[in-house]
Amino acid sequence: MRSEVVFYAFKRLAIFPIYFLVFSILIFSVVMYAPGDPVDIIAGPTASEETRQLISKEYGFDRPVYEQYISYMGDFMRLDFGNSLRFSDRSVGELLWERVQVSAPLGLVASVIGVFLGILVGLFATFKRGTWLDTVLLSGFLVFAAIPSLLLIQFFILLFSLKLGWLPAGWQGGWEGIFTTSAIIPILTLSLVGVVGMARFIRTITLGIMDEQYVRTAKAKGLHPAKIATRYVLRNAWLPLMTVLIPIFFTFFEGSFFVEQIYGIPGLARFTIDSVFGRDYPVILAVGILGSMLSIFTILVVDILYFVADPRVSLKR
Amino acid sequence: MERVETLLKVRGLTVCFPQANGLKTVVKDVSFDLNRGEILGLVGESGSGKSMTASAICRLLPEKAQVRAGLVDFEGTNLLSISEKEMRNKYRGKRISMVFQDAVGTFNPVVPVGKQIEEMLTLHSDVPRKNLREEAEKLLQQAYISDYSEKYGSISAFLSGGQAQRASIAMMALATKPDILIADEATTALDATVQAQVLDFMVKTARENNISLILITHDFGLVARYADKVVVLRDGEVAEKGLVKDVFSRPKSAFVRAVLRDLPRMDKPLREKRSPEASSPAVLTLEGLHVDYPLFKRRGLLQRRSGSVKAVDGVSLTLQKGEIFGLVGESGSGKTTLMRAVLDVLPPNAEVSGNINVLGSDIYELSSKDNLALRRRIGGVPQASRQSLTPRMRIRDLVGEGLDILNLYESSSSKGKEKEKTERVAELLEAVGIPLGRMWDYPARLSGGEQQRIAIARALAPNPEILILDEPTASLDASRKNTILELLVRLHDELGLTYVVISHELSTIASVCDTVAVMKDGQVVETGTPEKVFGSPEHPYTQKLVSSVPVPPKPAV
């Protein structure tokens, strides 16, 4: 069993370099061939042709794209992502790290709350299926999924900050803002958006499990419904849940693009948007490649976890 | 004479399901008694309400079902009127237990089997915590699971169907020794010899522990062999009840008489058999056919071929034109692989050697074009007809699909083709006895028997000469088995077909086949007329197979 797992993990992770190559080339080309010359940004609109050529040579823009790619990836491997164009004295790595310290805790707390609430609502709906509670719960949370997060957060600001005056209307401080009351509104918005998807997913899966023979058998054993819910239903729902958890975390991250912008949070999402508009291509490249690597890596890890957790997967192969 | 103690009294039990147009009664005024230590057969065809009756006793009915009337008196307590909590704590599992058809699925698929047995012990016995494992392993051992220590820690997917059902009996009955065990079609999905093993174990468990057993089944033969008393249900109502020996030898109701008359029987052929001396040209010849599946073993990071599974291991057969040839054997004996080899639909990793000669040509030497031309002359009806009918295609398109694939049309315009297709499908539906009005229906709206007919019509569409039928009656009720077999015999005679009938049911084979071959572990162990092979079997395996089949009771006329 153990060597099976190691073998499978090795096999899955062996694919990772191939993904890395393909995605980095793809992202690099997209950024490089996108309209807009980075020289314009560095040199400014009034620079002479001479200065522009000097800059182009200095930064290596005059070399063929594949050469640029190779030298960029060489630096990338040493975790040197170059310097930002907008903040010319600062390295991209440093800038990103500052933002990640704000966004990551926020995203993590919001998604943990969202997923937990989603599981709870979904399970509840399953056990109360067909009743009015089932309908009310699911359609109620559907409202939050239907309203875009950019409207939802404005509604919360309007209600809790401006009308009731309970909470601040914007982010306070840098990474330590997560410990202030100003974290409540963004966390509430981000988690609510994800709840309904999660709840519906859980409900669909657990409804299917409720029809399984082993749940009937558990009832015939005389087991208490709460034990059936945890030992039988949740225990089996956990497997399919694992495969969607990571994609769900990334949805939370997407939601934060609007939330950070509107609530004035100095986080990664907002920084990325600003960098796109400012054509700060070293930042865009780093965010793009690191982001895609992170998501591929986590999906591979989930596959491996699934293999470990489900004894049947090894049978099927 | 022992003192008779009535344990369970069911009186006037009526169960309904709400439907769009009012209530549908699935169990109607059912009454019977169950004595301590007795074996009661609750028998009927699908939809007769037998499972609903059992579920109602345990109060495990589907949520939508309503008990409209009746009484389930268990030692003076009406189980239908106590609270759910009392039912759960005092009765379910502890006094009244159940085992189900899907034995592997009865265990939580991700939890070791032994742990689930321990759960039952924790719930209803006072086995101390530290002895749980020992006790669970002992139960598995008593269930004839030889590697009980290993199986204690494995999940149900690693158990065979028979092992899983015995383990489930150990868990649901042996562990807590309830007063009543209800077995809901508990052996239906199992092979004949395994079914006999499981039933023997279940009956032994019941007898030794003075447990009353309710056997729910559609198999009258099984009831006749194992039960003391029988309740025959039909459309939710009791058609007849009494001692097995009385009901089956002198049935009072017309229904039971008709069922017993219609059961496919080993000793009641449905057609005039060919004389064994008659000879006609050979249409299908297998010579030394081997089908192997490669097995791999991993060493470090490399996979190495370590051997093969011999699915078919050197089979030689000859079928003559017009013959009905039967192939019996249990799951894993290679029957289906053999059929797939002949139809050239083996999985890509199969390794075939030997010769298959269909209608004069060796199928593995044909060009793909000639092979396609041969395809229309040999057809197959797959085992699970329900799954083989694409749910999103209408009956007309399902039946006529072969015409499209092989382009068997005279006209070249698409309009002309459509017209030909409709005409041909109408012809086929008439031949298999499906009303023409169903041509535009989807398969989900058909009953199991009708779906089987559609699958047969589909195979007949290109006008084949040979038809291979894989378990044509397996999923059908007793009375429908006979109608399908009669249909097959009629089509055989009218169209001059040659059949290969694959079945694990000896009665099906015996009633229609001229010749039968018994397969075990990929080899044919015995061949001959059914009368000879089943009447005086020579091979020990055939003897075991014949003796484990419950013989349907034969009413005195």
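**Conventions and confidence.** I am reading a predicted model, in which local features need pLDDT of at least 70, side-chain atom pairs count only at pLDDT 80 or more, and totals for chains, interfaces and linings use all residues. Residues are numbered from 1 along each chain as its sequence is written, while chains are lettered from A and ligands numbered from 1 in the order in which they are written. For chain B I noted a mean pLDDT of 89, with 98% of its residues at 70 or more; pLDDT is the predictor's confidence in each residue, from 0 to 100. I also wrote down the model's scores, ipTM 0.80 and pTM 0.77.

**Domains.** I looked up the assignment for chain B, which gives domain 1 as 6-262, domain 2 as 282-377 + 464-548 and domain 3 as 388-463; such bounds come from an automatic or database domain assignment. Between the C-alpha centres of domain 1 and domain 3 of chain B I read 41 Å.

**Antiparallel sheet.** In chain B I found an open sheet of four strands in the order S2-S1-S4-S5, with antiparallel pairing; strands are DSSP runs (E, at least two residues) and helices likewise (H or I, at least four), numbered from the N terminus, and two strands pair if DSSP finds at least two bridges between them. Strands S2 (22-35) and S5 (77-78) of chain B are at the edges with a single partner strand each, so one side of each has no neighbour in the sheet. S1 (residues 6-19) and S4 (residues 66-74) of chain B are joined by seven bridges, and B:Arg11 stands opposite B:Leu71 in S4(B).

**Strand S8.** Which strands run parallel to S8(B)? I found S3 (residues 39-43) of chain B, joined to S8(B) by five bridges, and S7 (residues 180-184) of chain B, also joined by five bridges. B:Gly41 is placed opposite B:Leu215, and B:Ile180 has B:Ser212 as its bridge partner. Six of the six residues of S8(B) (212-217) are buried, meaning that 20 or more other C-beta atoms, placed from the backbone, lie within 10 Å of a residue's own.

**B:Leu233.** I placed B:Leu233 in strand S9 (residues 229-234) of chain B, and it is buried because 27 other C-beta atoms lie within 10 Å. The C-alpha atom of B:Thr53, 180 residues away along the chain, is 9.9 Å from that of B:Leu233.

Definitions and conventions
A residue is buried if 20 or more other C-beta atoms lie within 10 Å of its own, exposed if 12 or fewer, and partly exposed in between; C-beta atoms are placed from the backbone.
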